[in-house]
Each structure stands twice: as structure tokens, then as C-alpha cells.
Amino acid sequence: MSPLCAMAHKRGRFSVAGPREVLVARILVADDEPLIVDLFTRLLEAQGHECARAYDSWSVRRELGAAPYELVLCDVQMPGGSGLELVEWIVREHPDTATMM
């Protein structure tokens with residue numbers, strides 16, 4: 001089982017449908033460009049994932065404080081700080097949350 005599947009399973013968000021595992025992940029999509037956020041959100045929701053949107057580093061921190069997420073997709077440069085600084089913070093403060101830039 002992949003680490004992302006293991007996190008979802010631990011949070012009760014993993015199910016088995018026949019021979020195939022189905023993962024429903026909570027994903028936070030963060031970018032300062034609304035069109036990019038909308039594109040990723042629509043693609044991921046079409047696959048059955050639950051998505052939230054954030055347009056700056058402050059919103060990401062607020063969202064992660066309010067609810068658990070299995071994955072944060074973030075831009076390299078956003079208002080409120082660099083994506084690299086944000087990823088370092090997520091790794092330190094929310095170690096069960098995967099990140100991808």
C-alpha cells in the first residue's frame with residue numbers, strides 16, 4: 001500500500017471495490033493563479049477526490065489548521081512566502097500530509 005493510501009486508510013478514507021483499491025483523498029490545491037487552481041481541482045474532483053482551494057500561503061496554513069489533508073499541491077511562489085518555505089512548514093507541523101510542488 002502506498003504511503004498516501006496508508007494515510008487515507010488510517011483516516012478512514014480508503015475502501016476496496018472488488019480487486020481494486022479506491023482512494024478518496026482530501027487534497028488542498030494552492031496557487032496564486034485561480035485558473036490553475038480551478039484546473040487541478042476539477043481534474044482531481046472528477047477522479048473522486050475532495051478538494052479545497054487556497055490562493056496564498058496564509059490560506060494553506062489556515063486550512064491545514066482546520067482540517068486534515070492527505071496531500072497539498074502548491075506553487076513555488078505565492079503571496080505570503082515561497083512554496084519551499086511552506087513545504088518545510090508542512091513537513092514540520094503536519095508530518096502526515098504529503099506535499100507536491
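In which segment does Met101 lie? Met101 lies in the segment after β8 (98-100), where strands are DSSP runs of E with at least two residues and helices are runs of H or I with at least four, numbered from the N terminus. This is a predicted model, in which local features need pLDDT of at least 70 and side-chain atom pairs count only at pLDDT 80 or more, while totals for chains, interfaces and linings use all residues. Residues are numbered from 1 along each chain as its sequence is written, and side-chain values use heavy atoms, with hydrogens and water left out.

With a relative accessible area of 44%, Met101 is partly exposed (buried means under 20%, exposed over 50%, partly exposed in between, with a 1.4 Å probe and protein chains only).

Turning to the charged side chains, the count comes to four salt bridges, each a side-chain nitrogen of Lys or Arg within 4 Å of a carboxyl oxygen of Asp or Glu. Arg26 pairs with Glu50, their closest N and O atoms being 3.7 Å apart; because Arg26 belongs to strand β3 (residues 26-30) and Glu50 to strand β4 (residues 50-54), this pair ties together parts that are 24 residues apart in sequence. Glu50 itself is partly exposed, at 38% relative accessible area.

A salt bridge of 3.1 Å, N to O, joins Arg42 and Asp38, which both lie in helix α2 (residues 34-46), four residues apart, about one turn of the helix. Arg42 counts as exposed at 52% relative accessibility, whereas Asp38 is partly exposed at 24%.

Arg92 forms a salt bridge with Glu93, with 3.6 Å between the closest N and O atoms. Elsewhere, salt bridges that share partners join Asp38, Arg42 and Arg53 into one network.
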